[in-house]
Amino acid sequence: MWNNFAEYILSQCEKNPTKICEIGVGKFTQVFDYLSKEENVEIFKTDISPNDSSVIKDDVTNPDLELYKDLDIIYSIRPPSELQPYIVDLALKTSTKLIIKPLFNEDINTKRVQLKLKNYKKASFYILGE
Ligand SMILES: C[S@@+](CC[C@H](N)C(=O)[O-])C[C@H]1O[C@@H](n2cnc3c(N)ncnc32)[C@H](O)[C@@H]1O
């Protein structure tokens, strides 16, 4: 399933390079690791509590916009519900595609913005900006 999710993100990488950020990566780097091996992908990961020095410390509720300004895609895996509106705001502010994989297939907490549920092979997730 995670490879399917990563594969979908890769299918959205139309530019060379496509610039991607994973928000709230925690300790789960499987999707990040898959994408970072791709030649046409430039990727970084953020978290408010970085697990190691490869993670950029940033608080998505008060993001350093400079960090995200040239991005094409933002994605987040299992972000807590209270963070979801901030992630949506960041994607809108920076005009990036957004992909959110919730814990289960629960609705995303996005207030007025409607994300679309997408099924790709064995993965289900929400997208904005396709
Ligand atoms: C439920 S965990 C998910 C971690 C990982 N993506 C996964 O799927 O296993 C949520 C992550 O969001 C991070 N986080 C919480 N508040 C945050 C904030 N304000 N800005 C950025 N990251 C935050 C936490 O440190 C944690 O790593």
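Mentor: The shell around the ligand is made up of eight nonpolar, four polar and three charged residues, where Ala, Val, Leu, Ile, Met, Phe, Trp, Tyr, Cys and Pro count as nonpolar, Asp, Glu, Lys and Arg as charged, and the others, Gly among them, as polar. Please keep in mind that this is a predicted model, in which local features need pLDDT of at least 70 and side-chain atom pairs count only at pLDDT 80 or more, while totals for chains, interfaces and linings use all residues. Residues are numbered from 1 along each chain as its sequence is written.

Among the 15 residues around the ligand, those that come nearest are Gly 24, Gly 26, Phe 28, Ile 48 and Arg 78; a residue is near if its C-beta atom, placed from the backbone, lies within 6 Å of the molecule. Arg 78 leads us to the loop between S4 and H4, with helices (H or I, at least four residues) and strands (E, at least two) taken as DSSP runs numbered from the N terminus. Although Arg 78 is not a glycine, its phi is positive, about 50°. Arg 78 is exposed because it has 12 other C-beta atoms within 10 Å; the scale is buried at 20 or more, exposed at 12 or fewer and partly exposed in between, with C-beta atoms placed from the backbone. Pro 80 is in the loop between strand S4 (73-77) and helix H4 (84-93), and it too is exposed, with 10 other C-beta atoms within 10 Å. Between Pro 80 and Asn 109 there are 29 residues of sequence separation, yet their C-alpha atoms are 9.3 Å apart.

If residues up to four places away in sequence are left out, Ile 87 touches Ile 23, Val 60, Ile 74, Ser 76, Pro 79, Leu 98 and Ile 100, contact being defined by C-beta atoms, placed from the backbone, that lie within 7 Å.

Ile 87 also belongs to the largest nonpolar core, which has 33 residues, and is listed with Ile 20, Leu 35, Ile 74, Leu 98 and Ile 100 as touching the most other members; such a core is a set of buried Ala, Val, Leu, Ile, Met, Phe, Trp, Tyr and Cys residues joined through C-beta atoms within 7 Å. At least two residues of this core come from each of several elements, including H4, S4, strand S1 (18-23) and strand S5 (97-101).

After H4 comes Ser 95, in the loop between H4 and S5. Ser 95 has a positive phi of about 55° although it is not a glycine, and with 10 C-beta neighbours inside 10 Å it counts as exposed.

Key
Two residues are in contact if their C-beta atoms, placed from the backbone, lie within 7 Å.
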